[in-house]
Amino acid sequence: MKGEVTFRQETDYPKSGSVKLYFGMTERRYIELFIRIPSWAEGTHVNVKGVKYFADPGSYCKILKKWKEGDVVDIEFPINKKPQ
């Protein structure tokens, strides 16, 4: 699979548990995205275009889809459960 793909991350973690990933690419392409869910992060969810994805803490949230320019992945970590 040729072509350039970029990601831009927007967050103020650890002040909040919100993380946004923005896709940049010239043409749509199928990408397997794996997001690590820390073992302390019970209740984390990942949202892409209104579809929520869940994964067990200590594993990866796997999203397999055809992505395009401007797609956004919203991740919400339960920051109140983060160990000190």
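This is a predicted model: local features need pLDDT of at least 70, side-chain atom pairs count only at pLDDT 80 or more; totals for chains, interfaces and linings use all residues.
Let me begin with glutamate 76, which, once its neighbours within four places in sequence are set aside, is in contact with Gly17, Ser18, Gly43, Thr44 and His45.

Glutamate 76 sits in strand 7, which covers residues 72-76, and its side chain makes a polar contact with the side chain of serine 18, at 3.2 Å. With a relative accessible area of 32%, glutamate 76 is partly exposed. For a sense of the distances, cysteine 61 is 15 residues away from glutamate 76 in sequence, and the two C-alpha atoms are 12 Å apart in space.

Turning to the fold as a whole, the protein has seven strands and zero helices, so that, because helices and strands here are DSSP runs, the pattern along the sequence reads β-β-β-β-β-β-β. The C-alpha trace spans about 40 × 25 × 20 Å along its principal axes, and of the 84 residues 31% are buried. If we take the contacts between residues at least 6 apart in sequence, 62% of them join residues at least 24 apart. The accessible surface comes to about 5600 Å², with 50% of it belonging to carbon and sulfur atoms.

Now to the charges. There are 15 positive and 11 negative side chains, and the centres of these two sets lie 2 Å apart. How many salt bridges does a search of the whole structure find? The search finds five, and I will go through some of them.

One is between aspartate 74 and lysine 20, whose side chains meet at 2.6 Å, N to O.

Another joins aspartate 71 to lysine 49, with the closest N and O atoms 3.2 Å apart. Aspartate 71 lies in the loop between strand 6 and strand 7, and lysine 49 in the loop between strand 4 and strand 5, so the pair ties together parts that are 22 residues apart in sequence. Salt bridges with shared partners bring Lys49, Lys65, Lys68 and Asp71 into one network.

Finally, arginine 8 forms a salt bridge with glutamate 10, at 3.2 Å between the closest N and O atoms; arginine 8 is partly exposed at 45%, and glutamate 10 is partly exposed at 38%.

Key:
Residues are numbered from 1 along each chain as its sequence is written. Side-chain values use heavy atoms; hydrogens and water are left out. Helices (H or I, at least four residues) and strands (E, at least two) are DSSP runs, numbered from the N terminus. Buried means under 20% relative accessible area, exposed over 50%, partly exposed in between (1.4 Å probe, protein chains only). Contact means heavy atoms within 4.5 Å. Accessible areas come from the Shrake-Rupley method with a 1.4 Å probe; for residues, only the protein chains shown count as cover. Lys and Arg count as positive and Asp and Glu as negative; His and the chain ends are not counted. The place of a charge is taken as NZ of Lys, CZ of Arg, CG of Asp or CD of Glu. A polar contact is a pair of N or O atoms within 3.5 Å; within protein, one must be able to donate a hydrogen and the other to accept it, and residues adjacent in sequence count only if both atoms are side-chain atoms. A salt bridge is a side-chain nitrogen of Lys or Arg within 4 Å of a carboxyl oxygen of Asp or Glu.
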